[in-house]
Amino acid sequence: MIGHHAIGVAIVLAGLVFLFYTYAGYPLILWVLGFFRQRPGGEQADPPEWPLVSLSVPAYNEEEQIEGLIRSLLALDYPQDRLQILILSDASTDRTDDIVRSFAGDGVELLRMSERGGKTRAENAAAARLRGEIIVNTDASIRLASGALRHLVAALRDPEVGVASGRDVSVGATGSHSNVGESGYVGYEMAVRDLETRVWGIVGASGSLYAIRRELHSIPIPESLSRDFASALVARERGYRAVSVPEAVCVVPRTGSLKSEFRRKVRTITRGMDTLTFHSSILNPLRYGLFSWMLISHKLCRWALPWVALLVFLALGLLSPHHSWAMALFVGGLVLLALALAGWAFPERFPVPRILAVPAFLVAGNLAAMIALIHLLRGDASCSWEPTRRKIAEESPGSS
């Protein structure tokens, strides 16, 4: 019996250490390393001629917001004669294609896929149509700060940098009661990426906005993989760094409900796991050193965390009759789950209170990781793509 108690206590202690490391210890270590590895910064003078940039935007049935997106892209603070805008229609069945064609006089181009094949297939097919030295990928529901492209391009003037990722700013969407828990998580994620950049580089680019050298973007990847995540891995394999650029701001509307955010997370995490499986050799620290440790800490630890948490919760349940501290933690876990369930069940037509929204978002994210692993093990990873329907943000990205 004593042996069982000792094992239970060891599981709880190891699990709590793992939890602390994943969300607090890892960023703390990055901060310490970055303190001694700060890279020179400062403003750079404009180049004699800005490089040709190709803006690639996958779209599927985006008639409600594609016009607003195109107008915002045409208004970006970047020389228009050095900018190609290509909309990739994944066989849209609404007015998306017609709206894009109406901007042909402004130089906006349309590439329509003959049948639905997913975001990555469309991006692979578009490679031959992209003329830029630098390829910038974004989404139909995203709005960029007017100077975002200049900041991304400036980052790529460093010959060591192969990928430059923007800074997501999560905001509420017009007419929706979106989950406020998402905003805090996005802010945390951007802070971690800034720390990773200071130490060496990020392990995955933002799907909302990132720029990549043409030579890297032209490398086709399997259709079931996530190109934004893969971009950083491909860059590292070829000796480049991927960095976060805080000045390249893009406003990302929060999803309209926790349920839609949960479905999105299951899709993106499943594709992320499939992507890392495909590039599994990059986890070898003997070959990729510091990057492998960062990748394991940022991705694998987070994906493993819900399984560790489940094991800890079961151990606490067994220890509760014998230890008051275990009972307190076990009850605390039950309260967290109850709040999460209440947030999940809250009517979507009303704003979810923060006391419910934050636990619901945390639990949903971890549950999504568990389901994603099950999908991966069953071979259910799919290349089909259903863009997350986000309403246009209430806030403007500004001009920075």
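Student: Which residues does S297 touch, leaving out those up to four places away in sequence?
Tutor: S297 touches Y21, Y26 and R302. Keep in mind that this is a predicted model.

Student: Where is S297 placed?
Tutor: S297 is in helix α11, which covers residues 290-319.

Student: Buried or exposed?
Tutor: S297 is buried. Its relative accessible area is 2%, and the cut-off for buried is under 20%.

Student: Switching to D139. Where does it lie?
Tutor: D139 lies in a loop. The loop sits between β4 (134-138) and β5 (143-144).

Student: And is D139 buried or exposed?
Tutor: D139 counts as buried, because its relative accessibility is 19%. Buried means under 20%.

Student: What does D139 touch, not counting residues up to four places away in sequence?
Tutor: D139 touches V57, L69, K119, G207 and S208.

Student: How many Å apart are D139 and V163 in space?
Tutor: From C-alpha to C-alpha, D139 and V163 are 17 Å apart. In sequence they are 24 residues apart.

Student: Now the surface. Which residues make the nonpolar patch of about 570 Å²?
Tutor: L28, W31, V32, F35 and F36 make that patch.

Student: Where is L28?
Tutor: L28 is in helix α1, residues 2-36.

Student: How accessible is L28?
Tutor: L28 has 47% relative accessibility, so it counts as partly exposed.

Student: Next, α6. What should its 19 residues span, and what do they span?
Tutor: Helix α6 covers residues 181-199. At 1.5 Å a residue, it should span 27 Å. Its end C-alpha atoms are 28 Å apart, which agrees.

Student: Which residues of α6 are buried?
Tutor: The buried ones include V186, E189, M190, V192, R193, L195 and E196. G181 and V199 are also among them.

Student: Why do residues three or four places apart in an α-helix point the same way?
Tutor: An α-helix has 3.6 residues a turn, so residues three or four places apart point the same way.

Student: Zooming out. How many helices and strands does the protein have?
Tutor: The protein has 13 helices and eight strands.

Student: What is the radius of gyration, against that of a compact globule?
Tutor: The protein has 22 Å. A compact globule of 400 residues would have a value near 21 Å, so the two agree.

Student: What share of the residues is buried?
Tutor: Buried residues make up 51% of the 400.

Student: And what is the accessible surface?
Tutor: The accessible surface comes to about 18100 Å². Carbon and sulfur atoms account for 62% of that surface.

Methods. Residues numbered from 1 in each chain as written. Predicted model: local features only at pLDDT ≥ 70, side-chain atom pairs only at ≥ 80, totals over all residues. Heavy atoms only, no water. Patch = residues over 30% accessible without salt bridge, like charges linked within 9 Å, V, L, I, M, F, W, Y side chains within 5 Å. Areas by Shrake-Rupley, 256 points an atom, 1.4 Å probe, with all protein chains shown as cover. Salt bridge = Lys/Arg side-chain N within 4 Å of Asp/Glu carboxyl O. Helix = DSSP H or I, 4+ residues; strand = E, 2+ residues; numbered from the N terminus. Buried < 20%, exposed > 50% of the residue type's maximum accessible area, 1.4 Å probe, protein only. Contact = heavy atoms within 4.5 Å. Rg over C-alpha atoms; globule rule 2.2 N^0.38 Å. Expected span 1.5 Å × (residues − 1).
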